[in-house]
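User: I am new to this structure and would like to go through it in questions and answers. Please show it first.

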Amino acid sequence: MEHSKCSLEMLQELGLKSVDELFADIPKSVRSGGLRLPEGMSEIDLKRSLETMLSSNRHAESMLNFLGAGIYHHYIPSAVKMITGRSEFITSYTPYQPEISQGMLQALFEYQSYIAELTGMDVVNSSMYDASTALGEAVLMSTRISGGDTFLLSRAISPERRRVAELYAKGADIRLVDVDFDRASGSVDLNDLTSKLKDGVSGFYFETPNFFGVIESQAREIRGLLDKRTMVVGVNPMSLAILRPPGDLGADIVIGDAQVFGAPMSFGGPTIGLFGCRPEHVRKMPGRIIGMTTDIEGRAAYCMTLQTREQHIRRSKATSNICTNEALLAVAAAAYLSVVGRTGLREIAATNVRNMQSLSSRIDSISGFGAPLFKGAHFNEFIVRSDRDPFQIHKTLLTQGIHGGLVLANMFPELGNSTLYATTEMHTKEDHDRLLGALEGIR
Amino acid sequence: MRYHQADYDVPLLFEACDEQKIDDRFDPTIGGAIPKGLLRSDLNIPDLPERDVVKHFINLSQMNFGVDNGLYPLGSCTMKYNPKICDEVVSWPSVASIHPHQDPSTVQGALRLMHELEGMLCEIGGVDAVTLQPAAGAQGEYTGIHIVRAYHEARGEKRNEVILPDTAHGTNPASAAMVGYDVLEIPSKNGCVDIEALKASISSDTAAFMLTNPNTLGIFEKDVKEIAGTLHDAGALLYYDGANLNAIMGKTSPGHMNFDIVHFNLHKTFATPHGGGGPGAGPVGVKRYLEEFLPVPRIIEKDGKYHLDYDQPKSIGKVKAYFGNFGVLVRAYAYMMMQGGPGLEAASENAVLNSNYLKDKLKDDFELPYGGLRKHEFVLSGKPLKSKGVRTLDFAKRLLDYGFHAPTIYFPIIVDEAIMIEPTETESKETLDRFVDVCKQILKEDPEILKTAPHNTSRRRMDEAKAARDMIFSWRGYKKKTENAK
Ligand SMILES: Cc1ncc(COP(=O)(O)O)c(C=O)c1O
């Protein structure tokens, strides 16, 4: 290995002859003798080679796409990209030294403030990895709040989230039990919920809008049935621009994914797990929390607080192992929400609902298709039922440069030929026309 | 050289909110699509001109210190410089605008990149198979310990305990506990694992031992093979916390040290920026006999085509939705391709050189517990500061005044008044020399200056007790508190 003049000087000052001597403490018996990896490449070569490799990806700008199911394609204003591109934010770490990190700390406090307002929860942490791990942590926190060894999950949730929750539950020896959905409305089957509320059940998780796009209309009844047990509600925070916040409906914990606020889809990661709770539960909460305070001069300031819940202090007794989280995406969310503002956010949410309404009724009018499958109110996705095999339809659409919705046949066999379609403000009328034209051709 | 951070009073965005009225021309029912009972009556978030929002966040960014601002020698965190091209490629639509549920035939480039990244990590880690799914180091540990549990359960064994040294990072015990294990911390001896204490604590109940090597003090655990042998003889597994991989690339690997499971912190060793505390990525590598337990899906290559394989009956399942923090994976891949094998080895060499250089220059001004070489980081004791009537905390705060981020302090716990310094390979000799000069100068300063430091940052020392007492975590919470007080 070649070394610069400075390195040689430094070695000399250390009284060493070679770099090898710096590694003299690594025994021969564990030496690997170098890396069998290619030589490095220049920036321009790297760019060319990545361009070639990634050019086979068909992205939302080159292929019309109707996927949702937890990750959504929304517009990201340029100002948001510029703000999250600031290298003072990108290249900093967890604000362990608050005096020199006020920018990140205040931005995170503003993120918490926005999410608190949207969800109606007074306490919001500064992020979890994503919605799936937020759910896993909520299952554990529910047990800390209410005791018990069983947790109920609505069946109308994302199978991805469900699988992650299974792992978190297994680690804590918690049993997960499914609660069915009503076959007509798509919302929680209250009879099934009632029958499963046995001793030892710590809480219940349902989503609104749920995996089928249906807005849950019985939150109050659910709250009543749960009594003292923990009510955990999963949200698409974009929908909260217009929908009643779960805090008003009696939620103890609210989770979701704030990817919809200013983060690209990025093949599903990084996204940002949103996590809020009632104030009385804050000491049982996982994750970093930013609090408002003052410095010794009495000036407004922000710092990490209630750290005695966390792994670096409480070690094996911590509320969670989380350390690195998704701070930069929290900044993105705060930037997004402040750029679009109240008026913009409500307009975007309304556009999503309108697009969903229009697309679903237009699909419904094609013979051989029915939409939406469920009668409840929807936000921006819905299930399309088809006479023909949905996998075949998917393949045909692909040949026409259209990625249809997510085929549910394997995940929810009881729903038959079902496909989950999402549409957002990114779709124009012409986009819908193209999809409809293609579906009509299939009929 | 002088330093002063930008210093503004930046009101919260929400302070502009109160005077604003909700727009009553807006029809939230969207023409009756949503029943009124499901709608909210108000939404108390501010409407602001873009101009004001940009000013707000730019001012905030100026009150934040990152690696691009200067030396960030935060021990254990590997705050190295991140090449900008890696950020740029992540914004390409072929990275940013692909959806995780897309048909695999439409994301072949992404799958290939991940598959190749797994291969490179196998080589660096000395392991046979890698999952990219975990979102961060701690989640890598969590994944790894679930694999430990699955492995023992598959052999029909119930083992209840995970052992780790008292120098272990807090995430290690927390992760083990979340998988359902009792955690046993053993005291260190001369800064390393006390092999006798370890042997005495191993039993048929031991599921795994977690270790990082070089350890938290930056010392290479020479007896690592003996440690591994002892554990394997007892039927237990050895877990490698990859946070300290930056010291050893090309020299040794967790696999060569006989570890069974390792996580990699891509946001440390592989130059993906930390983002103010994330996103990161914590891929996990295992030896062949543990591969069947890795999370699903696995990425399989067959005849030049990439597939997602969910058919893994012994898999632990999923630790995170989808495939991992793809945006972070792409950055790490780009970095590794630019460095190449020789570049990564050189990175480790220079990281270790920088660390030993600084250690030698500073050890006489502080105390260096346990002599000898260090790897990528070293831990000083700030005990000598006590004779000045100040503490490590004061010294750390004073460093901020000179435009240096503070080292990690008070970790590991076994060193009194610990100061943990990790310069990384990307800092020049000039920067290190200036850091040394500043450290020496601070030691000569009036103790009052240290105790009241920092002076040149956007805020002075925090009233952290007030934050914990007031418990104000949002504007909403603030409003409620102030209204209650009236
Ligand atoms: C030694 C060590 N182990 C584990 C971790 C946890 O990694 P992460 O923050 O990515 O979860 C860290 C990082 O802070 C660390 O320094």
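User: Which residues are linked with A:K5 in a network of salt bridges?

Analyst: This is a predicted model, in which local features need pLDDT of at least 70 and side-chain atom pairs count only at pLDDT 80 or more, while totals for chains, interfaces and linings use all residues. Residues are numbered from 1 along each chain as its sequence is written, chains are lettered from A and ligands numbered from 1 in the order in which they are written, and side-chain values use heavy atoms, with hydrogens and water left out. A salt bridge is taken as a side-chain nitrogen of Lys or Arg within 4 Å of a carboxyl oxygen of Asp or Glu, and by that rule the residues linked with A:K5 in a network are A:E9, B:K429 and B:D433.

User: What covers the buried residues of α11(B)?

Analyst: Helices (H or I, at least four residues) and strands (E, at least two) are DSSP runs, numbered from the N terminus, and buried means under 20% relative accessible area, with exposed over 50% and partly exposed in between (1.4 Å probe, protein chains only). In α11(B), the buried residues include B:K429, B:F435 and B:L443. With contact meaning heavy atoms within 4.5 Å, the elements that cover them include α9 (326-362), α10 (392-400), β14 (418-421) and α12 (447-451) of chain B, together with α1 (5-13) of chain A.

User: How far apart are the end C-alpha atoms of helix α11 of chain B?

Analyst: The expected span of a helix is 1.5 Å times one less than its number of residues. Helix α11 of chain B has 16 residues (429-444), so it should span 22 Å, and this agrees with the distance between its end C-alpha atoms, 23 Å.

User: How many salt bridges does the rule find across the interface of chain A and chain B?

Analyst: In the interface, 175 residues of chain A are in contact with 194 residues of chain B. Taking buried area as the accessible area (1.4 Å probe) that two parts lose on being put together, summed over both, the two chains bury about 16200 Å² between them, 63% of it on carbon and sulfur atoms. Over all chains the whole structure holds 61 salt bridges, and across the interface of chain A and chain B the number is 17.

User: Why does the salt bridge of B:K375 and A:D25 join two chains?

Analyst: The closest N and O atoms of B:K375 and A:D25 are 2.7 Å apart. B:K375 lies in the loop between α9 and β12 (378-381) of chain B, whereas A:D25 lies in the loop between α1 and α2 (43-54) of chain A, so the pair joins two chains. Both partners are buried, namely B:K375 and A:D25.

User: Which residues do ring pairs link into a cluster with A:F412?

Analyst: Rings of Phe, Tyr and Trp (its six-membered ring) pair if their centres lie within 6.5 Å, and planes under 30 degrees apart count as stacked, over 60 as edge-to-face and the rest as tilted. A:F211 and A:F412 form a tilted pair, 5.8 Å centre to centre with 35 degrees between the planes, and because A:F211 lies in the loop between β5 (201-208) and α9 (219-226) of chain A and A:F412 in the loop between β14 (406-407) and β15 (418-422) of chain A, the pair ties together parts that are 201 residues apart in sequence. A:F212 and A:F412 form an edge-to-face pair, 5.1 Å centre to centre with 75 degrees between the planes. The residues linked into a cluster with A:F412 are A:F181, A:F211, A:F212 and A:F374.
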